[in-house]
Amino acid sequence: MAVLIVRRLGSLAVTLLLLSVIVFGVTQVLPGNVAQMILGPYSTPETQQALEKNLKLDEPAWQQYRDWLTHFVRGDWGTSLRLGQQIRPILLLRLQNSAYLALSSLIGVVFFGIGLGILAGIRQNRPTDHLIALFAFLGISIPAFVSGSLLIILFGGGVWNLLPGSGYRSPTEDVRGWLTRLVLPTITLMLLLLAYVIRMTRSSIIEVLTTNYIRAARLKGASERDVILRHALRNALLPTVTVIAINIGFMLGSVVIIEQIFAYPGIGSLILFAVSNRDLPLLQASVMVIGIVTGLANLVADVLYMYLNPRIRYR
Amino acid sequence: MFRPATSAREASPSSTPLLAVDHLSVTYRTRDGDVRAVRDISFDIQPGETFGLVGESGSGKSSVAMAIMNYLGVNGHASGAVRYNGDDLLTLPPRDLRRLRGGKVAMVYQDPMSSLNPAIPVGDQIGEVLRIHQGMPRQAAFDRAVTMMRQMHIPDPEINARRYAHQLSGGMQQRVVIAMALINNPDLLILDEPTTGLDVTTEATILDLVAELRRQFGSAILFISHDLGVIAQISDRVGVMYAGELVEVGTTHALFARPRHPYTLALLSTVPKLTGGDLDQRLNPIPGRLPDLAHIPQGCIFAPRCRFVQARCHEAQPPLFDMDSPEHRVACYFWEALPLPEEFRESGIVRARSAGGDVVLATQDVKIHFQERGFWDLVTRRPPALVRAVDGLSLTVRRGETVGLVGESGSGKTTFGKVLVRLYDPTSGTITFGGENVATMDARLERTFRKRVQFIFQNPDSALNPRKRVGEIVARPLRLYGLATEKEIPARVAALLELVQLRPEFADRLPHELSGGEKQRVGIARAFAAEPDVVVADEPLSALDVSVQASILNLLLDLQRRYGTAYVFISHDLNTVRWLCDRVVVMYLGNVYETGTVREVFAPPYHPYTEALLSAIPVSDPAVSRERIRLEGPVPSSRHPPSGCKFHTRCPRKWGAICEQEPPPAREVAPGHFIACHRPLETLMNDIFATSDDDTVASFDDN
Amino acid sequence: MSTSPSGVHDATGVSAPPPATEGAAVAPGMQGSRAGRWRRFWEDVRRTPSASVGLVIVAGFFILSLIGPYIAPHSPTDFDIANKFGRPTLAHPFGTDPFGRDVFSRVIYGARLSFLLAAAATLFSLLIGTPLGLIAGYYQGWLDEVLMRVTDALLALPSIILALLIVTTLGSSAFNVILVVGIVYAPRIARVIRSGTLALRNEEFVQAARARGESGAYILFSEVLPNTIAPLIVEASIRMGFAILLATSLSFLGLGVSPPAPDWGLMVNEARPHIFRAPWLTIFPSLVIALTIVGFNLLGDGLRDILDPRRVWTERRSEGV
């Protein structure tokens, strides 16, 4: 298994390296005069040249890439063009804010997702199952900006004025304000991800319940409770582990939209800021950070999967 | 053999049965209507008795087992009664049912791997039975499981009990499942195709185990199988099922000696025999196919396929008639008039054994090694794992002859077959076709080669593209090799279908509309469309029912006689090989250990491996007994093959240290008959067929 | 991957397989003709609730996108400032926006735009993803390795982030939305097709073709591709839904279609400042977006149930057992 983990680490490195090429490459093929694009149509040639020099746009592409990558790996993520500040502190702070959001919904997703998934799976084709399936279905299909907007209308003041519909408070200053402002975005994010976990858990439970070893367990005389708890769950929850990890990546994507709806200062709104302002260094760094977090989440999930699956653990 | 002396119970059927299946019917609801998989069957099992239930796929035998366990699933429904010690299992409350299941009535399944939970150590799975039924604490149950595994002859039970299913070999997995079934001392053990999918050598050891345990534990056994040989070997009484009905039931001896139902009779004569029988006689296939169980025709269910059918058979379903005794019952109006098995065989010889014409295809010292080396092995510079699938094989195939390639799974026979048609290239060695080295052929010659050497696949379900119509499939070689103009193609396709005894309208069908046998015929038609010189057939029968196998074998023989095609016939089934082939190559772990004509290989002197294979095969004649030679353990991995003679780790006749050190020389014991063994020849002369049937031996000397 | 759409495969543990269907007879005339197969398929669609409901929604959406401009009561772009922020009335069922435009008409016009964007993007991603998946899956080797590493890298980013990255390069416009969504989903489709091809590659009928000496192109397009059609259809249906989701999300972020186009996502975006004053501006386009995506997902799900070999489950469900 150690070999497998090392192997997995290696492929993560390859993936991230390729990702860095893509991230850097995409920003290189900007059409037209980059500096003008960034500075706008009214900039002077002098300022454009200065910026080109600053961005080292006069050097060959591979050299720019090499410099950028070595700096990035060393922790020097450059300076934001628009904010004029070091990128790293801003980015890490925003990442932390997003992490609050992600973690709180992750906890909810794991708890409700697995619970409802199991319930739907063992009550297959009964009303409970259909109800949960419908709920999961809507969650998968409705875009975050739709459910988020509707939630704001419902609870943020349109119908009931229960919770603040937008904004952010630091937990060190105003715990209550922090928590209340976390509720709606968390629910929106949960709605989005719950569906996948429920569906995966449900279909995995159903699949496991049709296996011959479950038949063998039942024909051993095991009670239905034992069949589910002892025999089915161990095998059925394995794929769910992977789905949850994939969701972490998916979550980091959805925050772009959710943070926009709720005016929440996380990494998503930072990316959006970078995109709208063509702040290339900021965009490159934040996309790389998202890629790394996603990659690590998948890595953890894979290792966990290997560890929990005896077929891989004892090969 | 190892059957215990016929039990006294046979004489006194009046004692209370342990299990009484009483007018049992099983129906499944499907979208095409209600499938009446089992209809009105009754039989008893006495305490300690072994009752064999035999039938082909679709006979309903597994549904009977599931009905006894009252486990038919959401769309299945059973009616009638299944009385176990007086309780009707079909109406028992769930709580009482659970107490019986696994406790007093236990089951062993086909495909042991899938019956074991992949996430729980096997020892715990065995022990769980005791925890459920006796409330035993975990550790005590585990310890009992270890003891039980030892009784199952599982090596190192303390270690293996802590392992997971995937870490054990197929034979060991089945022993674990049997241990799980027996640990609570059940009164009734149901074995549903417990050896299907296992190698013959493993099958033999499992059957030995069952026989041994029966004596030891005294459980009654319901043994379900499609294999008449296995059933003959293990049962006291036998029931024969066809299309959901019990058509004949009787003691094993009576039933095999004097089968009274046309279906039993036909079934017995479809299988080529390992001993005796006229080798050059045609087999008796059962014509037609299983009726649609959603629309049962009136009258006798077997009537449409019966060769003794009369008007009356179509009118009403025959009841089970008592024959000489109430012990032997048969559902046929004309049971008294039926012939005996010997008289039933189709007469007329088919052919003389071929010595073959010119050499068409030859291989010289072919080695096929697979390197398992991924990207990361390159980076980490790990030496690649080498799989020696075939390790030096020389073979000549002559025009018009059939060469059989036999061996257990892992012997490399299928890989070699695929190299013969150039699906892979050999690692070293040469293949010549018509004297021309295949590796250096130009495009035009290669095309000729591909046309002249065709392949028939093992699995008819996967061999035909599910999206293509039969006509298109059969026409493809004609188009590809330019053998017919577009205008001629419909007629040629019709002719090819007729050649394999399919009606021309099959051309418009899609593969999923055909039965297994029909699909295999289409596969054969596709091969013969190319007008080949050599056809390599890889286990073409293994996915088919025995009654269908016979017709495919007859067909292959007819085609060979007509076109002079040479066959390379890859099979694990020695019965069939003996019947069909002219020469045999016995493979083990990628090496050839014996080769010669059928007559030579199937008679002493044997290579110890050949001897073990022959001894392992179940014979569908309870009167035949053979010496028991058993191979222990699984076939070693071809990643790390044993040194010297690769067979030495399992060889029951190991000669000495030399076997571990040097590969055995191939000695020519007769012209063309080679045995690769260190043993002196005279020590290999033992004849395992110590039969009670005298003409068996004679038949070898006949021609 | 479905290789035989109506073969009853191992019916798994809970219920013993109806044995008669295994090697046995097929009811004569039941499946022989092409028409018969279609009838059977149609029957399947009708008895699978998700497929039939999805089909109805998708068909409604499609018809609306065809005839929308002819039935819309008002122009989608003409201002009527006097009538701004009108509550829903009979004349304006979905109300009016800050410029007095009729939201109902804008939603109706938006159907065509959304359909065209999603269909073009899906087609684009299928056109790129399918051949790549086929080739990678069939030929394996370094080509496969390179392709899979690149898709790995692309898939390491959530689709919306990847889309943003590309939008930064290409700029935002309706045409670019098609490109962006197409590029984002192409690797996902390539993955699906590749894994299907990988499974088919070892099927004996593909081996048979190789042993016959067929060309790679024949094997790929004549033997392999027809067997990937069923999963492709399922994939296309689900991708259509996701394409609408991604395209409207981009518009919502102000990075997709530019105003004053009647794009649904854009409408929700423009309604944001007025979310409490005129909630109908948010509510109606939101519901239409949700309904459309639900429709495509339901259809895709239903089709998967029908076309998937493990359809036994569907049968049970539809029979209400």
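These legends accompany close-up views of a predicted model.

**View 1. A β-hairpin in chain B, built from strands β23 and β24.** Let's start with two neighbours: β23 spans residues 666-670 of chain B, and β24 spans residues 673-676 of chain B. The two strands pair in the antiparallel sense, with four bridges between them. Look across the pair and you will find B:Arg667 opposite B:Ile675 in β24(B). Two residues lie between the strands of this hairpin. In the turn, B:Gly672 has a positive phi of about 85°.

**View 2. Helix α7 of chain B, largely enclosed by the rest of the structure.** This helix runs over residues 170-182 of chain B and has 13 residues. From the first C-alpha to the last, α7(B) reaches 18 Å, close to the 18 Å expected at 1.5 Å a residue. How many residues of α7(B) are buried? Twelve of the 13 are, so the helix is largely enclosed by the rest of the structure. The buried set includes B:Gln173, B:Gln174 and B:Arg175, and also B:Val176, B:Val177 and B:Ile178. B:Met180, B:Ala181 and B:Leu182 are buried as well.

**View 3. A:Leu193 in the largest nonpolar core.** This core has 384 residues, and those with the most contacts inside it are A:Leu193 and A:Ile271. Its largest share, 17 residues, comes from helix α8 (residues 175-209) of chain A. Which residues does A:Leu193 touch, not counting residues up to four places away in sequence? They are A:Ser105, A:Val109, A:Asn247, A:Phe250 and A:Met251.

**View 4. The contact between chain A and chain B.** Here 18 residues come from chain A and 25 residues from chain B. On the side of chain A that touches chain B, the elements giving two or more residues are α1 (2-28), α9 (212-219), α10 (224-261) and α13 (310-313) of chain A. Helix α9(A) gives the largest share of that side, five residues. Sorted by class, the side of chain A that touches chain B has six nonpolar, seven polar and five charged residues.

**View 5. Chain C, with eleven helices and zero strands.** Follow this chain from the N terminus and the elements read α-α-α-α-α-α-α-α-α-α-α. Of the 321 residues in chain C, 56% are buried. Now take the contacts in chain C with a separation of 6 or more: residues 24 or more positions apart account for 70% of them.

Terms used:
Residues are numbered from 1 along each chain as its sequence is written. Chains are lettered from A and ligands numbered from 1 in the order in which they are written. This is a predicted model: local features need pLDDT of at least 70, side-chain atom pairs count only at pLDDT 80 or more; totals for chains, interfaces and linings use all residues. Two strands pair if DSSP finds at least two bridges between them. The expected span of a helix is 1.5 Å times one less than its number of residues. A residue is buried if 20 or more other C-beta atoms lie within 10 Å of its own, exposed if 12 or fewer, and partly exposed in between; C-beta atoms are placed from the backbone. Two residues are in contact if their C-beta atoms, placed from the backbone, lie within 7 Å. A nonpolar core is a set of buried Ala, Val, Leu, Ile, Met, Phe, Trp, Tyr and Cys residues joined through C-beta atoms within 7 Å. Ala, Val, Leu, Ile, Met, Phe, Trp, Tyr, Cys and Pro count as nonpolar, Asp, Glu, Lys and Arg as charged, and the others, Gly among them, as polar.
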